[in-house]
Amino acid sequence: MPIKVLLVDDDPDFIEFASLGIQGLPVELHMAQDGVEGLEVFMRERPKVVVTDIMMPKMNGVDLVKKLKEIDPNLMIITVTGYPDYISKFEGLSKLIRMSLYKPLNLDDLVESVDLLVSNVKLKLDESGSD
């Protein structure tokens with residue numbers, strides 16, 4: 001059974017760009033266009049890995065990350081932003097995420113990062129004997 005991955009970004013061009021690479025992995029990919037939709041998709045699909053933009057309308061990525069980690073403390077999260085200094089303004093955010101990538105980003109870097117987290121999830125699932 002493939003690991004579910006959620007991609008959240010308000011830029012449709014980035015969603016298309018990122019999904020092209022991520023869909024090449026053995027994952028079930030879900031997408032959302034802002035934090036509110038991202039939370040809704042998360043609640044419905046329960047992905048194990050989330051890739052989220054930080055600067056988004058309706059609910060920014062920082063608030064989304066906090067809500068998701070309250071629901072699933074083991075969730076693997078990658079933040080993506082064009083504003084690296086913005087992340088450092090939020091105390092404790094680095095403890096909630098596994099890694100940050102900065103736009104403009106190389107598709108290979110994103111795919112490798114997602115693949116690494118998916119592999120970590122699979123390893124943990126194998127060790128626990130659950131899906």
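Helices (H or I, at least four residues) and strands (E, at least two) are DSSP runs, numbered here from the N terminus. Pro104, to take one example, lies in the loop between β5 and α6.

The model is a predicted one, in which local features need pLDDT of at least 70 and side-chain atom pairs count only at pLDDT 80 or more, whereas totals for chains, interfaces and linings use all residues. Residues are numbered from 1 along each chain as its sequence is written, and side-chain values use heavy atoms, with hydrogens and water left out.

**Stop 1: the whole chain**

Display the chain as a cartoon. Six helices and five strands are present. Followed from the N terminus, the elements run β-α-β-α-β-α-β-α-α-β-α. Next, colour by accessibility. The terms used throughout are buried (under 20% relative accessible area), exposed (over 50%) and partly exposed (in between), with a 1.4 Å probe and protein chains only. The chain has 131 residues, and 47% of them count as buried.

**Stop 2: the nonpolar core**

Select Leu7, Ile22, Ile78, Leu110 and Val114. These are the residues with the most contacts inside the largest nonpolar core, which has 25 residues. The elements that give two or more residues to this core are β1 (3-8), α1, β2 (27-32), β3 (49-53), β4 (76-81), β5 (99-102) and α6 (107-128). Which element gives the most to this core? It is α6, with seven residues. A nonpolar core is here a set of buried Ala, Val, Leu, Ile, Met, Phe, Trp, Tyr and Cys residues joined through side-chain atoms within 4.5 Å. In soluble globular proteins, nonpolar side chains tend to be buried together.

**Stop 3: salt bridges around Glu45**

Select Lys4, Arg44 and Glu45 and show their side chains. The three residues are linked in a network of salt bridges. A salt bridge is a side-chain nitrogen of Lys or Arg within 4 Å of a carboxyl oxygen of Asp or Glu; a search of the whole structure finds five.

In the bridge between Glu45 and Lys4, the closest N and O atoms are 3.2 Å apart. This pair links distant parts of the chain, since Glu45 belongs to helix α2 and Lys4 to strand β1, 41 residues apart. Glu45 also forms a salt bridge with Arg44, where the closest N and O atoms are 3.5 Å apart. Lys4 is partly exposed, at 23%, and Arg44 is exposed, at 57%.

**Stop 4**

Move to Lys103 and Asp53, whose side chains meet in a salt bridge (3.6 Å, N to O). Here too the pair links distant parts of the chain: Lys103 is in the loop between β5 and α6 and Asp53 is in strand β3, 50 residues apart. Asp53 counts as buried, at 5% relative accessibility, while Lys103 is partly exposed, with a relative accessible area of 25%.

A cis peptide bond joins Lys103 and Pro104, with omega about -5 degrees.

**Stop 5: positive phi in two loops**

Select Arg46, in the loop between α2 (35-45) and β3. Its phi is near 50 degrees, a positive value in a residue other than glycine. Arg46 is partly exposed, with a relative accessible area of 41%.

Then select Lys58, in the loop between β3 and α3 (61-71). Lys58 is not a glycine, yet it has a positive phi of about 70 degrees. With a relative accessible area of 72%, Lys58 is exposed.

**Stop 6: Asn74**

Asn74 is found in the loop between α3 and β4. It counts as exposed because its relative accessibility is 64%.

**Stop 7: a negative patch**

Finally, show the surface and select Asp10, Asp11, Asp13 and Glu16. These residues gather in a patch of negative charge. Patches are made of residues with over 30% relative accessible area and no salt bridge, like charges being joined within 9 Å and nonpolar side chains (Val, Leu, Ile, Met, Phe, Trp, Tyr) within 5 Å. Asp and Glu count as negative and Lys and Arg as positive, while His and the chain ends are not counted. The place of a charge is taken as NZ of Lys, CZ of Arg, CG of Asp or CD of Glu. Accessible areas come from the Shrake-Rupley method with a 1.4 Å probe, and for residues only the protein chains shown count as cover.

Asp13 is exposed, with a relative accessible area of 57%.
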